Amino acid sequence: MNTLIKRSGLAVAVAGLCLAAGSGHASSHREAPFITEMPKVDGTDFYMFRSYEAGREGFVTLIANYLPLQDAYGGPNYFDLDEDAIYEIHIDNTGNAQEDITFRFSFQDVKQDLKIDVNGEMVSIPLKTGAPVGPGAMDDAMNGAIQVRQTYTVDVIRGDRRTGVSQPVTGDGGSPTFSKPLDNIGSKTIADYPAYAQSHVYTANIPGCGTGRVFAGQRAEAFAVNLGEVFDLINLSAADVTGANGRDLGLNILEGKNVTSLALEVPIECVASANDPVIGAWTTASVRQARVINPRPVAFEEGDAGKGATVEGGAFTQVSRLGSPLVNEVVIGLRDKDLFNASEPKDDASNFAPYVLTPTLPVLIESLFGVQAPDAYPRTDLVWAFLNGVPDLTRPGGTPTLGEMLRLNTSIEAASSDVTMQDDLGVIAGDVTGFPNGRRPVDDVVDIALRVVMGVLLDEESAPAGQIEYTDGAVVDRDLLLSGFPYLGHPFSGSPNPQRN
């Protein structure tokens with residue numbers, strides 16, 4: 001592997017992604033004070049990689065996760081997304097830290113008031129469904145099984161996300177409306193959840209791009225992190241945190257949790273410029289500026305959707321942002337976390353550079369465990385890679401504008417279609433198809449970040465003596481992952497006892 005990539009180029013592409021003591025939950029779960037109040041628009045993880053499903057080598061897969069820490073048994077409402085919000089994936093393919101292409105997901109509630117006869121009176125039922133559900137949510141709605149479900153649309157916008165040219169993505173029959181499967185309520189409601197979910201993977205006809213695939217629905221949480229001990233001032237033994245006892249200590253507190261994924265597979269030529277294979281991307285969620293609480297909400301009225309609990313209005317305003325993992329979580333100071341969620345990459349150099357020049361995590365680890373932290377301040381070796389991309393790998397051509405985002409070199413084919421053969425330490429282990437060259441579901445971004453922030457990629461004069469294999473004791477469960485789109489595994493079932501179908 002190129003020495004420049006190994007020793008300096010990668011440094012803050014993952015250093016800013018470091019694990020630290022702070023408020024919230026990693027990767028980007030409840031990471032900022034304001035977003036804790038609106039979990040439906042809390043972006044948690046973003047994956048971007050060359051598709052490694054057999055026969056899909058010419059595609060890039062984008063997966064944006066929202067609504068963290070879902071317990072499988074979270075009824076009766078479960079985890080629908082916000083129909084008064086927009087969820088977006090932004091692509092920069094010109095190196096100016098501004099969106100050139102945006103994929104916008106918008107969700108719509110579809111409701112029907114299901115009633116049963118109780119002693120001669122028709123009374124509304126309290127459950128999400130009134131009967132078992134099979135593949136094909138549109139058919140289920142017609143036969144009256146589902147009381148509340150969601151559909152969604154996807155628009156591709158070229159240019160500015162608000163003023164650019166917008167065109168609808170359509171399915172096989174030309175319809176711009178797709179159906180989101182119900183969450184994995186349990187085996188009595190949905191006997192074969194994998195088949196049911198697969199029936200909601202749609203062909204996506206993307207104007208100006210060709211044909212891809214789209215899916216929006218609940219998935220098993222793939223991100224692995226030891227939240228409890230980490231946020232308790234990294235309450236691990238020195239042997240554990242420095243890897244003496246191995247990396248898989250069974251400490252993944254997200255095991256058994258679900259998340260909602262917006263997955264889109266697009267042809268490479270759709271997102272990459274003809275002059276440069278490197279793209280940058282990030283996700284956002286935006287809500288209306290104004291919200292008025294309705295003192296007398298009516299969710300279901302005959303022939304009407306009802307007034308609802310709130311009335312929303314005003315311009316869409318960004319409240320969540322995520323590119324590379326862990327940035328807002330543990331790099332940005334508490335005072336600026338809400339600002340980061342509302343900001344755009346083009347403004348990062350002026351807003352947030354000090355947090356990368358003088359990262360706090362190395363000092364904290366040094367004080368807690370008596371290990372040597374890098375003494376190379378200001379960490380200029382981290383700044384340019386954090387905001388520019390890795391030279392000879394993920395740095396765009398020319399002079400790119402500084403801005404934090406996840407970057408992918410689309411010219412590098414996936415190393416293996418078998419997730420058991422993908423190295424979860426990515427580039428630092430020599431697998432240049434892994435993080436931070438995009439991010440695959442298998443990549444252990446926490447361990448990568450810990451090692452980088454402690455200087456594993458610095459030159460020998462600046463790096464601490466010795467190489468310590470830092471770990472949080474949690475690794476990605478490869479058994480959760482699929483070999484094809486949408487790649488993240490089927491969600492844990494709410495009944496009987498949370499289990500994976």
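Me: Is P135 buried or exposed?
Reply: P135 counts as exposed because its relative accessibility is 51%. The cut-offs are under 20% relative accessible area for buried, over 50% for exposed and partly exposed in between, with a 1.4 Å probe and protein chains only. This is a predicted model, where local features need pLDDT of at least 70, side-chain atom pairs count only at pLDDT 80 or more, and totals for chains, interfaces and linings use all residues. Residues are numbered from 1 along each chain as its sequence is written, and side-chain values use heavy atoms, leaving out hydrogens and water.

Me: Where does P135 lie?
Reply: P135 is in the loop between β6 (121-124) and α3 (137-142). Helices (H or I, at least four residues) and strands (E, at least two) are DSSP runs, numbered from the N terminus.

Me: How far apart are the C-alpha atoms of P135 and H200?
Reply: They are separated by 8.1 Å, while the two residues are 65 apart along the chain.

Me: New topic: what's the strand order in the open sheet of five strands?
Reply: It goes β1-β2-β12-β11-β10, with antiparallel pairing. Two strands pair if DSSP finds at least two bridges between them. The edge strands, β1 (43-50) and β10 (202-206), each pair on one side only.

Me: How many bridges join β11 to β12?
Reply: Eight, between residues 210-220 of β11 and residues 257-267 of β12.

Me: And which residue in β12 is the bridge partner of R213?
Reply: That's E265.

Me: Last one: where's V118, and how exposed is it?
Reply: V118 lies in strand β5 (residues 115-118). V118 is partly exposed, at 44% relative accessible area.
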